[in-house]
Amino acid sequence: MRKLLLAAATAAALAPLAAGATTGYFAHGYGIKAKATGGVGIALPQDSLAAASNPAGMVLVGSRADLGLEWFSPDRGATITGNGAGLNGTYDGNGTSSFLIPEFGYNRMLSPTMSLGISVYGNGGMNTTYKTNPFAAFGGSGEAGVDLMQLFIAPTMAWKIGNHAIGVSLNLAYQRFEANGLPPAFAGFSSDPANFTNRGYDDSTGYGVRIGWIGQITPTVALGATYQSKTSMSEFDKYRGLFANQGDFDIPENYGIGVAWKATPALTIAGDIEQINYSGIPAVGNPINSLFTGAQFGSTNGPGFGWQDTTVYKIGVTYDLNPTVTLRAGYVTLKQPIPANQTFLNILAPGVVEDHLTLGATWKMGAKGELSLMYMHAFEKEVNGSGSIPPGAPPAGMGGGEANLRMSQNSLGIAYGWKY
């Protein structure tokens, strides 16, 4: 399985690849149509990327294939104030500012009530490149930043039983990670300083499952529910001195419910509520505070990025303007996962955006083809630190003061789908 996943990931990486850090480091939606509709998809499947939101949707979209590409541009940075160790300054994390995110889906109806398909999509977005190293006063040299990419290959079976559909996906996952420019002062707190920073890219593979249900409750109302297990991943051996539990970096469980209401023959209104349990992954959820009470980076249950669980709310509408054109719009909001006292380490991963606006449209092209477009804007969010940098001189402290984070995002996407 590892060779298969590495081959798939290598093919995907032929383009500069990352994913949108819009709801923490999960994408706000999957598939260009869903992304244009506020990311909703639990009760509103629209194409063969449906399995990424709810595998039950695959038996409802018919035999089709979809190929899409998204241009994603985050604007992220940090400001450090009141520090007594020389860290003060405003830092731009946009050394790499544009990413291309491919997606692919294929679905075949084996019978009127059974489908077999595959969806290929990504998460990620813990990506920063600071050309001016914010940790230079502690000995950090060269550019500083991290790069995390997650690729999912999800073979999916789905069945229709009366007015209900159920589905299951095997999530085959690949991760790639790199960290650069972290200071020696931090490595001194590591259980394995030789595998802490500047080790190049490392790979990780694993698997999990997603299950889902969609029920047509009335002729105009559908409900849906989905659950994805924690995805168990192999360790990042090159960063076993950075991530808790000797380089362990699993993908958190997430689950949600959705509703779709066909208000008129032309207008559909849909909404999702999704829960992402970041705190269940020690490398992501453990607070950095334990670093200054004797714990070490990379150790069992050691310090992490301090991310909290988050609940994501999505609403979207589709409107058939005429038999050829469908318009889409949506809104996504959440409480970003980084507490004010955890901003210092999250200079490397400032995934703090909360409010997103989406727009898009689909044009039918002949009897079987269709072209879809999407635009997403995540409004700028600032998180000001509060007790975020420990006082005192290294190694017992980091000079005090506060680390303040900011991020906004834009993305454009295009996809071509065809039925057969």
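Which residues have the most contacts inside the largest nonpolar core? They are Tyr25, Phe177, Leu242, Phe243, Phe249, Phe344 and Ile347, in a core of 71 residues. The model is predicted, with local features needing pLDDT of at least 70 and side-chain atom pairs pLDDT 80 or more, while totals for chains, interfaces and linings use all residues. Residues are numbered from 1 along each chain as its sequence is written, and side-chain values use heavy atoms, without hydrogens and water.

A nonpolar core here is a set of buried Ala, Val, Leu, Ile, Met, Phe, Trp, Tyr and Cys residues joined through side-chain atoms within 4.5 Å; buried means under 20% relative accessible area (1.4 Å probe, protein chains only). Beyond four places in sequence, Phe249 has contacts (heavy atoms within 4.5 Å) with residues including Tyr25, Met126, Leu148, Phe243 and Val284. A separate core of nine residues includes Ala51, Met58, Val59 and Ile214.

The largest pocket is lined by 35 residues, with Leu44, Pro45, Gln46, Lys262 and Thr268 nearest its centre. A pocket is an open set of points on a 1 Å grid over the protein atoms alone, where a 1.4 Å probe fits, with protein on both sides within 12 Å along at least five of seven lines; lining residues have an atom within 4 Å of a point.

Serine 115 is in strand β4 (residues 114-127), strands being DSSP runs (E, at least two residues) numbered from the N terminus. Serine 115 is buried, at 0% relative accessible area, and it touches Met58 and Val59, among others.

Definitions and conventions: Buried < 20%, exposed > 50% of the residue type's maximum accessible area, 1.4 Å probe, protein only. Helix = DSSP H or I, 4+ residues; strand = E, 2+ residues; numbered from the N terminus.
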